[in-house]
Amino acid sequence: MTGEHYYSARPATEERRRTVRFSAAGREFSLVAAGGVFSADRLDPGTAVLLRKAPLPSAQARGPFLDLGCGYGPIACVLATTAPTATVYAVDVNTRALELVRHNAAAVGATDRIHAVTPDKVPDEVVFQQIWSNPPIRVGKADLHDMLRRWLSRLAPDGEAWLVVARHLGADSLHGWLAEQGWSVSRQGSQKGYRVLRVAASA
Ligand SMILES: C[S@@+](CC[C@H](N)C(=O)[O-])C[C@H]1O[C@@H](n2cnc3c(N)ncnc32)[C@H](O)[C@@H]1O
C-alpha cells in the first residue's frame with residue numbers, strides 16, 4: 001500500500017477486489033478482499049496462527065462474539081461458520097473493509113448474523129462472550145491500549161478474549177500491560193513469531 005494506512009476510514013487506494021482462499025477449522029474459505037484493506041492478498045500469517053491455536057467456539061455457542069479490527073472479515077466468517085447460530089459483531093474503522101465483510105458474510109450464509117459496523121454502531125448493551133482480534137499494533141501504543149480497554153471492558157464476566165500479536169511488534173509487552181490492567185493473561189500458543197494470548201477476567 002502506498003503511503004496509506006490499512007486503518008484509513010476511507011481508503012483512497014484503488015479498490016481492486018481479489019479472492020483470498022484459506023482453510024480453517026477443516027473448511028475451505030474463499031473470501032473477497034481489496035486494496036486499502038489489511039492483508040488483502042493472503043490470509044495474514046498472524047490471523048492463521050490465531051485460528052489454528054485458539055479454541056474455536058463450539059457449534060452450539062450463541063455468542064455474541066466480537067471480531068475486533070475485522071478487516072475483510074476472515075475471523076468473523078470462521079466464527080460464524082463454526083458456530084452456525086452465533087451472532088458476530090465485526091468491527092472496523094475502515095468502511096471499505098466493512099463492505100467486504102458484508103459481501104463475505106453473504107458468501108458464508110451468515111448475512112443476518114454478522115454485523116459489520118464501525119465501533120460506535122455496536123449497541124451499548126451488547127456484552128461479548130468472546131472477543132477475537134489480530135489488533136492494529138501500528139496505530140501506536142496509546143490508541144491500541146485505548147481500544148483494548150474499551151472493548152475488553154465489554155467482555156462477559158465468564159468470557160474470553162483471544163489475541164494474536166507478533167513477538168517483534170511487542171506481544172510480550174502487551175501481555176505485561178494487560179496483566180497490569182488486572183486481566184488474567186496467559187500465552188495459549190506461539191508459532192512463526194506470533195503469540196496467541198488468552199485474556200479473561202481475574203478470578
Ligand atoms: C491487523 S489488522 C487485522 C484485520 C483482520 N482481522 C485480519 O485478520 O485480516 C487490524 C484491523 O484493525 C482495524 N482498526 C484500526 N483501528 C481500529 C479501531 N480503533 N477500532 C477497530 N478497528 C480498528 C484496521 O483498520 C485493521 O483492519
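In the predicted model, P64 is placed in the loop that connects helix α1 (45–53) to strand β3. The peptide bond between G63 and P64 is cis, with omega at about -5 degrees. With a relative accessibility of 62%, K192 counts as exposed. These features stand out because most residues other than glycine have a negative phi and most peptide bonds are trans.

The protein chain contains five helices and nine strands. Seven of the strands form an open sheet with mixed pairing, in the order β5-β4-β3-β6-β7-β9-β8. From one strand to the next, the twist averages 15 degrees. Within the sheet, β3 (residues 65–68) and β6 (residues 128–133) run parallel and are joined by four bridges. The bridge partner of L66 in β6 is I131. Helix α3 (residues 95–107) packs on the sheet, where it touches β4 (88–91) and β5. The direction of helix α3 makes about 165 degrees with that of β5.

A161 is a residue of strand β7 (residues 155–166). Its relative accessible area is 0%, so A161 is buried. Apart from neighbours within four places in sequence, the contacts of A161 are I131, L152, L155, L197, R198 and V199. One of these residues, I131, is also the β6 bridge partner of L66. The C-alpha atom of A161 is separated by 7.9 Å from that of S133, a residue 28 positions away along the chain.

Aromatic side chains were examined next. A pair of aromatic rings is described by the distance of the centres and the angle of the planes. Four aromatic pairs were counted, with ring centres required to lie within 6.5 Å. In the pair formed by F22 and F29, the centres are 5.2 Å apart and the planes make an angle of 10 degrees, so this pair is stacked. Both members are shielded from solvent by the criterion of under 20% relative accessible area: F22 is buried at 7% relative accessibility, and F29 is buried with a relative accessible area of 5%. The rings of F128 and W151 have centres 6.4 Å apart and planes at 55 degrees, and this pair is therefore tilted. F128 lies in strand β6 and W151 in helix α4 (residues 141–152), so the pair ties together parts that are 23 residues apart in sequence. F128 is buried at 0% relative accessibility, and W151 is buried with a relative accessible area of 2%. Together with Y89, the residues F128 and W151 form one aromatic cluster.

The dimensions of the whole chain were also computed. A compact globule of 203 residues would have a radius of gyration near 17 Å; the value for the protein chain is 16 Å, which agrees. The C-alpha trace spans about 45 × 40 × 35 Å along its principal axes. Of the 203 residues in the protein chain, 52% are buried. Among contacts with a separation of 6 or more, 68% are between residues 24 or more positions apart. The accessible surface of the protein chain amounts to about 9500 Å², and carbon and sulfur atoms account for 48% of this surface.

Definitions and conventions. Residues are numbered from 1 along each chain as its sequence is written. This is a predicted model: local features need pLDDT of at least 70, side-chain atom pairs count only at pLDDT 80 or more; totals for chains, interfaces and linings use all residues. Side-chain values use heavy atoms; hydrogens and water are left out. Two strands pair if DSSP finds at least two bridges between them. Helices (H or I, at least four residues) and strands (E, at least two) are DSSP runs, numbered from the N terminus. Axes are lines fitted to C-alpha atoms, for helices over the stretch in contact, and angles run from 0 to 180 degrees between N-to-C directions. Contact means heavy atoms within 4.5 Å. The radius of gyration is taken over C-alpha atoms; the globule rule is 2.2 Å times the number of residues to the power 0.38. Buried means under 20% relative accessible area, exposed over 50%, partly exposed in between (1.4 Å probe, protein chains only). Accessible areas come from the Shrake-Rupley method with a 1.4 Å probe; for residues, only the protein chains shown count as cover. Rings of Phe, Tyr and Trp (its six-membered ring) pair if their centres lie within 6.5 Å; planes under 30 degrees apart count as stacked, over 60 as edge-to-face and the rest as tilted.
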